[in-house]
Amino acid sequence: MNNNRIYLAFNIWDFESAKAVIDAASEINQDVILQTSTGIFNVLPLSPFSAFVKDYSAFKGVNSTLNLDHCKDKELLFSAIDNGWDMVMADGSSPSIDE
């Protein structure tokens, strides 16, 4: 991704919403961040979904980043990385400051 551009981030929940965001980004020649919540992440077919996002983005000429957003579960963070997510946001707001 080019550092001189604005990046739009959209929450997605399935293949159709990912496709719609990528299509729209392609129409306006815009890089895009596709975000999944932990709830959605838990019900997606992980590897096929990340492969679809990467392949369809390349087909449409869009630079996309797949992000697991605000995740408090360490195992899910590693699962996202292992299954092709480009970025994870570890939410450390639950533990006490001492932890």
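Lys-60 is partly exposed, at 30% relative accessibility. The model is predicted, so local features need pLDDT of at least 70, side-chain atom pairs count only at pLDDT 80 or more, and totals for chains, interfaces and linings use all residues. Residues are numbered from 1 along each chain as its sequence is written, and side-chain values use heavy atoms, without hydrogens and water.

What does Lys-60 pair with? Its side chain meets that of Asp-23 in a salt bridge, at 3.7 Å from N to O. A salt bridge here is a side-chain nitrogen of Lys or Arg within 4 Å of a carboxyl oxygen of Asp or Glu. Lys-60 lies in helix H3 and Asp-23 in helix H1, so the pair ties together parts that are 37 residues apart in sequence. Helices (H or I, at least four residues) and strands (E, at least two) are DSSP runs, numbered from the N terminus.

Asp-23 is buried, with a relative accessible area of 16%. Asp-23 also forms a salt bridge with Lys-19, where the closest N and O atoms are 2.9 Å apart. Lys-19 and Asp-23 both sit in H1, four residues apart, about one turn of the helix. Why does that spacing matter? An α-helix has 3.6 residues a turn, so residues three or four places apart point the same way.

The search of the whole structure finds three salt bridges. Another one joins Lys-54 to Asp-86, with the closest N and O atoms 3.3 Å apart. Lys-54 lies in H3 and Asp-86 in the loop between H4 and strand S4 (87–90), so this pair links parts that are 32 residues apart in sequence. Shared partners join Lys-19, Asp-23 and Lys-60 into one network.

Now look at the inside. The largest nonpolar core has 21 residues, and Leu-34, Phe-49, Leu-68 and Trp-85 have the most contacts inside it. Such a core is a set of buried Ala, Val, Leu, Ile, Met, Phe, Trp, Tyr and Cys residues joined through side-chain atoms within 4.5 Å. Helix H1 (15–27), strand S2 (32–36), helix H3 (46–60), strand S3 (64–71) and helix H4 (74–82) each give two or more residues to this core. The buried residues of H1 pack against S1, S2 and H3, where contact means heavy atoms within 4.5 Å.

Terms used. Buried means under 20% relative accessible area, exposed over 50%, partly exposed in between (1.4 Å probe, protein chains only).
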